[in-house]
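Here's a quick briefing to read alongside the structure. Have the viewer open and click along as you go.

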There are 2 protein chains.
Amino acid sequence: MRPLVRKSYRIAVVGATGAVGAELLAVLERRGFPVANLRLLASARSVGKKITFRGDDVRVEELRENSFGEMDIAFFSAGGDISRKFVPLARDAGAVVIDNSSVFRMDPEVPLVMPEINGADVADHRGIIANPNCTTAVTLMALYPLHLAFGVRRIFASSYQAVSGTGARAIAELKQQVAAAHLNSPAIAEVYPHPIAFNVLPQVDSFLPDGYTKEEMKMQHEGRRIMHLPGFLASVTCVRVPVYRAHSVAVSAEFARPVSVEEARDVLAKAPGLDLLDEPARNIYPMPLQAAGKDNCQVGRVRLDCAMQNGLAFWVSGDQLLKGAALNAVQIAELL
Amino acid sequence: MRPLVRKSYRIAVVGATGAVGAELLAVLERRGFPVANLRLLASARSVGKKITFRGDDVRVEELRENSFGEMDIAFFSAGGDISRKFVPLARDAGAVVIDNSSVFRMDPEVPLVMPEINGADVADHRGIIANPNCTTAVTLMALYPLHLAFGVRRIFASSYQAVSGTGARAIAELKQQVAAAHLNSPAIAEVYPHPIAFNVLPQVDSFLPDGYTKEEMKMQHEGRRIMHLPGFLASVTCVRVPVYRAHSVAVSAEFARPVSVEEARDVLAKAPGLDLLDEPARNIYPMPLQAAGKDNCQVGRVRLDCAMQNGLAFWVSGDQLLKGAALNAVQIAELL
């Protein structure tokens, strides 16, 4: 780790015009991150756009191989192909890269970090730090405190993922399809392989030979690295739902030690970055509409799992653009 | 069992003007059920409405205590309160009742029947036969053939349930909320405790003291009766999604014997009332938009569960107004 000991930092944002890029700038502003200098980088077609940051208009520049001179921190959220090519260049130019793609997450030389869980792993970085998958991040915000209390062994989980996880084009596609449905005209599906309006798609990302999708296996692969639990098992079904923003996950978790709902609620209520919304009698539980735009994830529906020993079932919602992406990235930068 | 040995039958339909009632009449027509005489019964406010059945207009009559004279079969789908009061009256008047409410499903004197699974149980009826919960029915269409092959022990499941499961008012509520969202005006939530448009609600039916909802526990309770498996365990999270029609369920199932994906697919492909849609490489899998309006349920995403021994994960979609209600009820009548 090269310690960053400035009073303020020269920041590059790659993918500045995307959904996560916009959130990232908003989080940097909101949390008062000490930005000395901001360079906004994007593809050629966005060059010249102006984005307001702390009252100043900042021009978007084209991402080039030599874009990273004199930068302290580079945030990447422009997809895997861009990260694969430009992250090493940014690192070699001297920046610490915080990468939101999945390219480096399983690289043993790259720490994969959620500050509430394994913030200390940042110390091992060699110029690149990976930000976790959004569904994994939202789930672990609730699972990790329970793990500390009871020792998690495995989970069975199903996700309800918002279209903004795919990006701005998917948001537009859902809007178009909803409008078309109400005019009884056909839905045009370009971003997803099937219509998403008034439908659910049991596919997020591409399929692996074993029948799981890449997205589904991230929970186990990334969960093991982030929680330092090489034996952690996770069987997940990832499903896209017609929700604009915030992912939700239904979880059945098995623990090594006996569990109680009271202790679980107590642990969750005290966990950082998490709000316990668990008053079923008053219809209070997490929902995506309610989690959207919030830094904290939400957990509720906590109950003893009726089909396993030492099991807890629960439901978590969280804004995947914030905790699942931009917020976590800025929190990593704060650790630096 | 009182055998019905007529060539055609005098049929009463209670709740004829509801969503399930309409499907029931359509299924009776479509399957050419031998109807000698049709009496449509509903609440006072629907009296006088005319419903076309096989080209004839049939007037809706008010449901009264003496509505069931000279009826052979009475279908009930007008909610629990109506069933609690009128089902015993219909039975005492000599009709065989096929009841779609949950009132009699756990009554040991009332068979709870899915014809593909435990059709023989119809023989034990004493005038009342119960139709299963819709989410349970859709799930068991895929789970039971796998059980026959491998011996199911327990499942972990999450549902994606359409608003038509709640009825016509919920369909209207989703439509209103979608229209309101696109005008940026507030969503009015009357049927559900929270907006359902562009949201998901981790609540279907009311909560039990242990934190599960009634709907969630039906999978275990009804599954045990239908499959004749008193030790069957099911931990379920039931979630309402902004889909108009057809429920979906993500399932992780543990079996007593070793499983293989090939054998599982083979068994599912041959199962009655079920279509195997499982070609992930071509983006072919069940979805509610595709299952809506179809008699057969659909199963896909079949894979070895990565978090349990002898486990299979799969995904099933089915039209809950058909297999989950009207179709199953008519199939029961056909067994009579």
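B:Asn310 is partly exposed, because 17 other C-beta atoms lie within 10 Å of its own. This residue sits in the loop between strand 12 and strand 13 of chain B, and its phi is near 50°, a positive value in a residue other than glycine. Keep in mind that this is a predicted model.

**Other positive phi values**

- B:Phe198 isn't a glycine either, yet its phi is positive, at about 55°.
- You'll find B:Phe198 in the loop between helix 5 and helix 6 (214-227) of chain B.
- Is B:Phe198 buried or exposed? B:Phe198 counts as buried, since it has 23 C-beta neighbours inside 10 Å and the cut-off for buried is 20 or more.
- Over in chain A, A:Asn184 follows helix 5 and has a positive phi near 55°.

**Helix 5 in chain A**

- Helix 5 of chain A runs over residues 168-182, and at 1.5 Å a residue its 15 residues should span 21 Å. The end C-alpha atoms are 22 Å apart, so the model agrees with that expectation.
- Which residues of helix 5 of chain A are buried? They are A:Ala170, A:Glu173, A:Leu174, A:Gln177 and A:Val178.
- What do the buried residues of helix 5 of chain A pack against? Their partner is helix 5 (168-182) of chain B.

**Helix 5 in chain B, through B:Ala170**

- B:Ala170 is part of helix 5 of chain B.
- With 20 other C-beta atoms within 10 Å, B:Ala170 is buried, because the cut-off is 20 or more.
- Leaving out residues up to four places away in sequence, B:Ala170 touches B:Val163, B:Val191 and B:Tyr192.
- B:Ala170 and B:Ile196 are 26 residues apart in sequence, with their C-alpha atoms 9.2 Å apart in space.

**Where the chains meet**

- How many residues does the contact take from each chain? Chain B gives 48 residues and chain A gives 48 residues.
- On the chain B side, the elements giving two or more residues include strand 8 (152-160), strand 9 (233-237), strand 10 (247-255) and helix 8 (288-291). Strand 12 (297-304) and strand 13 (311-318) of chain B are also among them.
- By class, the side of chain B that touches chain A has 32 nonpolar, 11 polar and 5 charged residues.

**The nonpolar core**

- The largest nonpolar core has 226 residues.
- Which residues have the most contacts inside this core? They are A:Val14, A:Ala74, B:Val14 and B:Ala74.
- Setting aside neighbours within four places in sequence, A:Ala74 is in contact with A:Ala12, A:Val14, A:Phe68, A:Ala90, A:Ala95 and A:Val97.

**Domains of chain A**

- Chain A is divided into domain 1, made of 9-132 + 326-335, and domain 2, covering 136-320.
- The C-alpha centres of domain 1 and domain 2 of chain A lie 25 Å apart.
- The contact takes 12 residues from domain 1 of chain A and 17 residues from domain 2 of chain A.
- On the domain 1 side, helix 3 (115-118) and helix 9 (322-335) of chain A are the elements that give two or more residues.
- Helix 3 of chain A gives the most to that side, with 3 residues.
- By class, the side of domain 1 of chain A that touches domain 2 of chain A holds 7 nonpolar, 3 polar and 2 charged residues.

- A:Glu29 belongs to helix 1 (residues 19-30) of chain A and is partly exposed, with 14 other C-beta atoms within 10 Å.
- Not counting residues up to four places away in sequence, A:Glu29 touches A:Phe53 and A:Arg54.
- A:Glu29 and A:Trp315 are 286 residues apart in sequence, and 31 Å apart in space, C-alpha to C-alpha.
- A:Gly55 is in the loop between strand 3 (50-53) and strand 4 (56-62) of chain A.
- Why does A:Gly55 count as exposed? A:Gly55 has 6 C-beta neighbours inside 10 Å, and a residue is exposed because it has 12 or fewer.
- A:Gly55 and A:Asn310 are 255 residues apart along the chain, and their C-alpha atoms are separated by 53 Å.

Definitions and conventions. Residues numbered from 1 in each chain as written. Chains lettered and ligands numbered in written order. Predicted model: local features only at pLDDT ≥ 70, side-chain atom pairs only at ≥ 80, totals over all residues. Helix = DSSP H or I, 4+ residues; strand = E, 2+ residues; numbered from the N terminus. Expected span 1.5 Å × (residues − 1). Contact = placed C-beta atoms within 7 Å. Nonpolar A, V, L, I, M, F, W, Y, C, P; charged D, E, K, R; others polar. Core = buried A, V, L, I, M, F, W, Y, C linked by C-beta atoms within 7 Å. Domains from an automatic or database assignment.
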